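Hello,

Here is the structure you will be working with. Please have a look, then read on for what I found.

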Amino acid sequence: MPVLRHGFLLQNLILRDFKIRYRNMSLGVFWSLLNPLVMMGVLTFIFTKIFPSPSIKNFGVFVLCGLVPYNFFAVAWVSGTTSLLNNAALVKRVRMPREIVPVSVVLANGVHFLIQIALLVAFVLGAGYGVNRNWLWLPFVFGMEIIFVCGLSLASSALDVFFRDVRYVVESANTVLFWLVPIFYSFAIIPDQYRTVYQFNPIAAVVMACRLVLLENREPPFSLVWKLAFVSLLALGAGLVIFRRSKAKFADYL
Amino acid sequence: MPPAIEFRKVSKIYYRHPSRAFLHRYLMDKWRRKRKERFYALREVSFELEEGGSLAVVGSNGAGKSTLLSLIAGLSFPDEGEVRVRGRVAGLLELGSGFHPDLTGRENLAVYASLLGLSRTELRRRFDEIVEFSGIGEFLDEPLRTYSAGMILRLAFSVAIHVEAEVMLFDEILAVGDQAFQAACFERIEELRRRGCTFVCVSHAGEILKRICTRALWLDAGRVVREGPVREVLEAYQAASAAQAAAAGRQGG
């Protein structure tokens with residue numbers, strides 16, 4: 001990937017995004033934690049007091065396992081989608097592999113993702129779950145999610161240059177996915193005929209793997225792992241193809 | 001030796017598509033079979049610039065100057081003809097684009113340098129030189145919003161001029177800073193030229209162009225009007241602009 005040869009630029013763009021967001025906030029990085037905590041509180045209230053789900057113990061930690069991967073996905077995909085338009089001056093006038101623009105934005109969100117993962121781990125340990133060797137799966141699982149979002153963002157950011165309504169499509173897709181990813185319900189209650197479909201959704205797969213590893217001390221099954229890897233790499237490949245086919249025209253449309 | 005920059009009958013076509021930005025409009029245009037209106041931003045432009053040469057590009061607004069630069073930079077591609085550029089191209093980026101007011105001068109410098117194509121090691125090697133050239137001094141670790149407009153431009157220009165690519169492009173960014181800083185810039189440009197850098201400058205500041213460039217290219221509505229030694233072309237261009245202004249004045253008056 002040409003992006004790798006421009007590591008210094010990539011690093012600088014990621015740091016710039018990250019620093020800008022936190023430089024002028026007195027609470028700094030803690031803002032990154034506030035949103036999942038609030039959502040966790042609300043969902044826990046609803047699904048323990050209003051619609052109790054007695055089969056799920058430790059609902060707070062359970063729901064956080066869903067919120068953290070979903071949040072990263074939703075925010076990173078939207079900001080990745082608009083990245084080319086937001087950086088039009090750079091895209092038009094800097095000679096660089098233009099893939100760097102959406103990828104750096106997704107990776108800058110990846111920094112927040114890491115912070116939120118740390119929060120998740122703290123909650124998991126706080127709730128009395130122990131560290132186990134299946135945790136070694138986590139870097140792979142989260143890495144695949146980042147690859148998946150990079151692929152989607154490459155495609156959607158390229159399309160967004162030509163059709164400015166792509167970002168609204170992405171936002172709607174995110175709203176739909178909030179319900180279709182098992183965030184506040186368990187994979188166990190999904191009827192058999194839909195299970196394969198769920199496994200082919202990388203975000204759902206990440207959430208499921210995350211819960212298996214963190215809450216049940218179990219290895220994610222191979223049927224889940226290969227689908228996650230397959231769809232994520234496919235998204236990256238397709239994203240790169242779409243991006244490359246359209247990037248020669250970016251300068252004319254921005 | 002082959003020329004550093006070579007244009008052979010280069011044309012660049014743009015489509016006017018004011019309504020293309022949204023999907024439904026695009027589909028409506030397709031449905032109505034509306035023809036896309038096209039126009040030539042550049043039309044059969046040919047020229048050569050030898051290594052170490054420096055070319056001034058002049059012309060009124062919309063003559064195709066920026067299009068020409070972006071073709072040289074490899075940021076867009078010709079629809080007809082052929083563009084050949086030897087060596088690394090730098091510049092073109094507007095001064096200070098990518099700068100952010102909340103980041104310090106040092107942080108902005110790193111971002112801007114990497115945007116202009118400096119690698120980590122190159123920046124490390126030239127960092128002190130860049131900072132010294134800019135004259136920013138103790139403000140280096142202050143956020144950019146505390147800088148004056150002149151300081152920001154000086155910082156950006158200092159980075160741009162230390163990139164040392166084989167081909168350097170300047171788009172309206174030559175008249176920066178006070179006289180002392182300008183003098184330092186000219187000196188630096190001279191130095192780069194002695195090392196064999198090739199320059200292409202777009203500017204309306206004729207005096208600066210005469211000082212820096214050896215050749216000039218006069219564009220009008222995408223076509224080459226005249227190409228040759230800088231003094232000759234610029235005088236012809238200035239005479240034509242003056243005549244045009246006078247004519248406009250008579251008509252208006």
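**Leu234(B) and chain B**

Leu234(B) sits in helix H8 of chain B, residues 230-252. Helices (H or I, at least four residues) and strands (E, at least two) are DSSP runs, numbered from the N terminus. This is a predicted model, where local features need pLDDT of at least 70, side-chain atom pairs count only at pLDDT 80 or more, and totals for chains, interfaces and linings use all residues. Residues are numbered from 1 along each chain as its sequence is written, chains are lettered from A and ligands numbered from 1 in the order in which they are written, and side-chain values use heavy atoms, with hydrogens and water left out.

Is Leu234(B) buried or exposed? Leu234(B) is buried, at a relative accessible area of 1%. Buried means under 20% relative accessible area, exposed over 50%, partly exposed in between (1.4 Å probe, protein chains only).

What does Leu234(B) touch, leaving aside its neighbours within four places in sequence? Its contacts (heavy atoms within 4.5 Å) are then Val58(B), Gly206(B), Leu209(B) and Lys210(B). Trp218(B) is 16 residues away along the chain, and its C-alpha atom lies 7.9 Å from that of Leu234(B).

Now the whole chain. Chain B has eight helices and nine strands. Its C-alpha trace spans about 60 × 50 × 50 Å along the principal axes. Chain B has 253 residues, and 49% of them count as buried. Take the contacts in chain B between residues at least 6 apart in sequence: 71% join residues at least 24 apart.

Best wishes
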